[in-house]
Amino acid sequence: MLQALSIQNFVIVEQLDLEFSQGFTTLTGETGAGKSILIDALSLALGARNEGEVVRSGCDKADISVTVGIQHNQAAQLWLSENDLEAADDLILRRVIYSDGRSRGFINGAAATVGQLKALGEYLVDIYSQNAHHSLLNINTQRQILDAFSGSAALVKQVADYYKTWHKLHLQQSEIEKNAAAYADELAELRDKLRELTQLNFVAEKWEELQLEHSRLSNSAELISGVEASLHLVSEGDVDALSMLAHAQQKLLSLLELDSQLTEAAETIDSAVIQLQEAARSLNRYLQRDNLDPERLTEVENRIQAVHGIARKYRVRPDELPELLATWQLRMTELESFANDGELAKQVAAALESYMQSAKALSAARQQSAQDLSAKISAEMQRLSLSGGQFQVALEPCEQSSNGLEQVAFLVAGHAGVEPRSLNKVASGGELSRISLALHVTTAAQGSVPCMIFDEVDVGIGGGVAEVVGKLLKQLGENRQVLVITHLAQVAAQAAQHLQVSKTQTDGKTLSHIQRLSDAERIEEVARMSGGLEITDATRNHAKEMLGL
């Protein structure tokens, strides 16, 4: 339930801290005192869009906080858990709006988007504006009211999901049938392309090796010439390095007998001789290999040209050919599945069957609830001075859609002997307001939102009807927390708690205030609401009688 509301520097409110009680609470006051400001502030804290200048003149920001008890609100607790936000028995939603239009949101102290405030707020409070009854003229609203009354939320979602699945497959099937020839041509072309690319047998790793081999083969003459020259200098020339080192080796060997200090130099030369001999053998092996065969160069060049030719043909780099092959294979698989009409037809039929089963179950639930809702609203109409009036929920068959197999329409007859007709054709503003209120009261038991706020929904109602409306709201307050802004004394007198809004002038500034009324204060307020400008003993006594005091 709604526990508290704190408002700072909002429109004409400087500071307001208000606590709420369970049951039916009314909010009254002179026109223009600021009753709707309370609803506007609460709406913003619950994620409504800010569409005007709401920061009090001379201030840089407005700050609104609302505290809501969610101990028994499983839907709100689940939402908090799914969004990784801390859940507790009490929930605090806060909205800070700056004078430049920016705003920030918080949920239990954690930063939150306006969208998150709105999503969570839908589980906490329902707000009905004074023109909310006009939404009854919308056929979608009528369907939603019936589905909520029947408790079919899960079935409604299932029907929409099944319809989406079937519709997607159905469109795919229609598209395939429409473009069958084009798909067949594309499939034939893809098969030729894939055959060509598969035969190329291109592998990215081997492509790198091939390019290196081509570089070596194309420079074979230079490689052979260079290796032969190196071998001549090392061991096969008239004056080569190995001969010269061998001569030095023999010379030092004879000198060792004269001085042993030449041993290190002699050993180093011995090692150099061995290294040069190994180098000479390696160069000889290189010259004896056939990997510089000109025929192999021709093969490599032909392979490289073939790869480049395919890459140019399909306007990709050679290293992109494997990715192109994979893309074509996926598309060919898709086109082959299109060609398999039987399999797709089975999927379409299965999806349609699932949809029809759920849609028929929803139709049955609507049919049963339509009769029940019609009877209950018709009964409430009698209490609301629409004597002889009749309310009827009609189910009109329609093409299958995400909303099911029928359109829901509210029909009404204002008095006996008249055929019920569409609500938007026959109901006056006052009748529409009363029917709307009857629907709210009747469907409240099926709702899960614990707090309902009505902003002058009793407009256009007066006399004995107003007293009945007050009793209906009192009845609603037995199971829900109900806050009602009203100008009707008959409605206000039925409330368990009474809040009064007043406006004062302080230092040239207009400020709005709200206070909880005592019994004596309630008598004065109800007397004012029912008696006009001058409050007499008669109006006070009448107010006492209305309040049961």
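Predicted model: local features only at pLDDT ≥ 70, side-chain atom pairs only at ≥ 80, totals over all residues.

**Salt bridges**

Side chains of opposite charge can pair when their charged atoms come close. Over the whole structure, the search returns 21 salt bridges, and three of them are set out in the table, each with the distance between nitrogen and oxygen.

| Pair | N to O distance |
|---|---|
| Asp 147 and Arg 366 | 2.8 Å |
| Arg 285 and Glu 278 | 3.8 Å |
| Glu 525 and Arg 528 | 2.7 Å |

The salt bridge of Arg 285 with Glu 278, at 3.8 Å from N to O, is set in other surroundings: Arg 285 is partly exposed at 44% relative accessibility, and Glu 278 is partly exposed with a relative accessible area of 36%.

Why can Glu 525 and Arg 528 be described as about one helical turn apart? Both residues lie in helix 18 (residues 519-531), and because they are 3 residues apart there, the separation comes to about one helical turn.

An open sheet is formed by 6 strands in the order 2-1-4-5-6-7, with antiparallel pairing. Its edge strands are strand 2 and strand 7 (110-112), each of which pairs on one side only, and neighbouring strands of this sheet are turned against each other by 15 degrees on average, with direction ignored. In a regular strand the side chains alternate between the two faces of the sheet.

At one end of the order, strand 1 (residues 2-10) and strand 2 (residues 13-19) run antiparallel and are joined by 6 bridges; Phe 10 has Val 13 of strand 2 as its bridge partner. The hairpin of strand 1 and strand 2 has 2 residues between the strands, and Val 11 in this hairpin takes a positive phi near 55 degrees. At the other end of the order, strand 6 (residues 103-107) is joined to strand 7 by 3 bridges, again in an antiparallel arrangement, and the bridge partner of Phe 106 in strand 7 is Ala 111.

A further open sheet has 3 strands in the order 9-10-11, and its pairing is antiparallel. Strand 9 (390-401) and strand 11 (421-422) stand at the edges with a single partner strand each, so one side of each has no neighbour in the sheet. Strand 10 (residues 404-413) and strand 11 run antiparallel and share 2 bridges, and Val 412 has Arg 421 of strand 11 as its bridge partner. Helix 4 packs on this sheet, touching strand 9 and strand 10, and its direction makes about 100 degrees with that of strand 10.

**Helix packing**

Two packed helices are described by the angle between their axes and the distance between the axes. For helix 18 and helix 19 (residues 537-547), the angle is about 110 degrees and the axes are 8 Å apart. The two helices are therefore roughly perpendicular to each other, a term that covers angles of 65 to 115 degrees. Helix 18 passes helix 19 in a right-handed crossing. Residues that make the contact include Arg 522, Ile 523 and Val 526 on the side of helix 18, and Thr 539, His 542 and Leu 547 on the side of helix 19.

**His 232**

His 232 lies in helix 8 (residues 220-236) and is partly exposed, with 41% relative accessibility. Leaving aside residues up to four places away in sequence, His 232 touches Gly 237, Asp 238 and Asp 240. Between His 232 and Ala 45 there are 187 residues in sequence and 94 Å in space, C-alpha to C-alpha.

Methods. Residues numbered from 1 in each chain as written. Heavy atoms only, no water. Salt bridge = Lys/Arg side-chain N within 4 Å of Asp/Glu carboxyl O. Buried < 20%, exposed > 50% of the residue type's maximum accessible area, 1.4 Å probe, protein only. Helix = DSSP H or I, 4+ residues; strand = E, 2+ residues; numbered from the N terminus. Pairing = 2+ DSSP bridges. Axes fitted to C-alpha atoms, helices over the stretch in contact; angles between N-to-C directions. Parallel < 35°, antiparallel > 145°, perpendicular 65-115°, else oblique. Left-handed = near helix turned anticlockwise from the far one by under 90°. Contact = heavy atoms within 4.5 Å.
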